[in-house]
Amino acid sequence: MNAIILSALLGVVMMFSGIVLKSKPAIVSTALASLVLLLIGNLLETYGIFSIRVNTHDMLDFTKFGYFFNTLAIAATLLYVILSGKDVIKVGNYPADCFALIFFVLCGVSILSSFNNLLMMFIGIEIMSIPLYILTGADKKNLKSNEASLKYFLMGAFSTGLMLMGIALIYGASGSFGIEAVKLANAVPGGALPQAPILDVIGLMFVFASLLFKVSAAPFHFWTPDVYDGAPSVFTSFMSTIVKAAAFVAFIHLFENKATEMGNIWKMLMVLTIIATLLVGNITAVFQQSVKRMLAYSSIAQAGFMLFALYSRNDMAKEGILLYTVAYSVATVGIFAILIKMKDYTFDGYNGLAKTQPLLAACNTVFLLSLAGIPLTAGFFAKYWMLASVVKAGGAFAIWLVIIAVLFAAVSVYYYFRVIQSMYFKEGNAETTEISQGFKIGLLVMAAIILYVGINPDGLLQWFYL
Amino acid sequence: MNTTQILFWFLSGLALVSALMVLLSKNPIHSILWLILVFFSISGHYILLNAQFLAIVNLIVYAGAIMVLFLFVVMLMNLSKEKEDQKNVWMKLSGIIAGGCFLVSTCNVIFNAQVVSKELAGKTALLKEGSIGLIGPLGKALFNDYVVPFEISSVLFLSAMVGAVVIGKKD
């Protein structure tokens, strides 16, 4: 509860800091201080030292997993603000409001990590999405940003409508907003496949489709490239990492409770979704000319990998999603932080970066290797955990799913390595904006996190079980 | 036939006739006016079911706000001309399928309640029965069981407001 209440309050504080503080760097400092405060607040509750107690009437269920995910999300946001805070204040005229919206998103994230009720899930998803529509359009003078914002808003509103429809149907079938398993009618012990009430299943399918939209999985991925490309790069970085991971956590939490006995049809549906997502993301990313757009498609592809947790739904999948959150968020925030500094967003814009900015190129290489899933980086173990969880869960399709996933991971190496190739092996004069010493230190810290988790993933997970 | 039954049949007939008129009117503005009548008759049904609060909210939100929005859209898009575009066959077909699905599921619910479980057999109204639709029980539910979502949705509205200001303010 600490994280939910504090993030909402700090959002309000950020809102008013825009009136009180006249200098923009002071606003970034306030945001950093608030994030540290939020992190401390969440850690205090994690270790049971201090927490705000509210009788939630079973609407929220605070678990260790939720706390740990909150910590990861807040820490990732902290890193993000350290690296890109100066770029946030360059977008539009209201930097304080943008930071306030980021805090509101964190409020949504902490609801999604602990909801125990469809109502809370809906509110969490909405608190998370509505600020994003605005952040996407924060660059008001830019037509592409406007277009992206409008597209995202219209499609997002439609998918929210679908989700509400689904929740209404589930409520109609079961008479409760709880996330307990779908009640199986005619469940005969030892009998044939039990049948779930049709309304429940249809409702669940609606919610499923809407959540697929939120995590940008195929076949509901069409908004992703345009929105990620059109939004100001700083906010794309935030959207495609922390927010996406939170949507996944909600997705998994809902379905591991709700869809326990849906049998092979459910597994088949998951397999089809995963394969479609991997196919669309990876194959389209190969043909992109702009690094930003490539990253948008690669985020679809990574969503495909995260969906594995939804197929397996065991403890290993939960550990995997935590590892994936760290590996993917840190690497993507880093890559975007460097992208923002580039003058030219195409692959050619990176030509010769190794000569002009060797440190940036080296860190970027670590991040890209992690996204591609090369051993000794966090990305490898994130992917490994996901695939291992599928094998552990078993099922008729498990082994084929793993083989297909590995093939697509190999495809992804192609487009990630194109950036590395541009940086190291092509002649050119990559132009960057001014790069401060603090930025370089931040990048080094992130690269160190990636390598540390890549060498010793148990270190992170032990911390989770502490 | 007592007063309640007379009212019930009158309101049902009114709702059906005006719903049909919504579809049959050539002029979109007339359709909207008929739709307002549909909402009024449905609100009448709510009152028969002892759900006064729902009835008033239905009038304020649907007959008030949403219908004004509809009228604005019709006026802004200049749809008031009395001409009908020929919709393509697939559109019609998908409309029939969607409407048919809704009809089947509604009939199913009514059939279950009426024939299978006999909960509603022989009932037309719940006058003076139950308190589910009154404002008192609603407030109690809102501030007891549902207080957390109720309070947290304020964050949602706050962020929407901040967003409106960010998007709408003059630079």
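**Figure 1. Helix H2 of chain A in the predicted model.** Helix H2 of chain A spans residues 24-46, 23 residues in total. From its first C-alpha to its last it reaches 33 Å, close to the 33 Å expected at 1.5 Å a residue. The end of the helix is followed by A:Gly48, whose phi is positive, near 70°.

**Figure 2. Buried residues of H2(A) and the helices they pack against.** The buried positions of H2(A) include A:Ile27, A:Val28, A:Ala31, A:Leu35 and A:Leu38. A:Thr30, A:Ser34, A:Gly41, A:Asn42 and A:Glu45 are also buried. An α-helix has 3.6 residues a turn, so residues three or four places apart point the same way.

**Figure 3. The fold of chain A, with 19 helices and zero strands.** Chain A has a radius of gyration of 21 Å, close to the 23 Å given by the globule rule for 466 residues, so chain A is as compact as a globular protein of that length. Along the principal axes, its C-alpha atoms fill a box of roughly 70 × 50 × 45 Å. Of the 466 residues, 58% count as buried. Where contacts in chain A join residues at least 6 apart in sequence, 81% of them link residues at least 24 apart.

**Figure 4. The largest nonpolar core and the surroundings of A:Ile450.** This core holds 182 residues, and A:Ala246, A:Ala327 and A:Ile450 touch the most other members. Helix H13 of chain A (residues 315-341) supplies the largest share of the core, 17 residues.

**Figure 5. Contacts between chain B and chain A.** On the chain B side, 15 residues are in contact with 27 residues of chain A. The residues of chain B that touch chain A comprise ten nonpolar, three polar and two charged.

**Figure 6. The two assigned domains of chain B.** The domain assignment places residues 3-80 + 87-133 in domain 1 and residues 134-171 in domain 2. The centres of these domains, taken over C-alpha atoms, are separated by 28 Å. Five residues of domain 1 of chain B are in contact with five residues of domain 2 of chain B. The side of domain 1 that touches domain 2 has two nonpolar, three polar and no charged residues.

Note on methods: Residues numbered from 1 in each chain as written. Chains lettered and ligands numbered in written order. Predicted model: local features only at pLDDT ≥ 70, side-chain atom pairs only at ≥ 80, totals over all residues. Helix = DSSP H or I, 4+ residues; strand = E, 2+ residues; numbered from the N terminus. Expected span 1.5 Å × (residues − 1). Buried ≥ 20, exposed ≤ 12 C-beta atoms within 10 Å, placed from the backbone. Contact = placed C-beta atoms within 7 Å. Rg over C-alpha atoms; globule rule 2.2 N^0.38 Å. Nonpolar A, V, L, I, M, F, W, Y, C, P; charged D, E, K, R; others polar. Core = buried A, V, L, I, M, F, W, Y, C linked by C-beta atoms within 7 Å. Domains from an automatic or database assignment.
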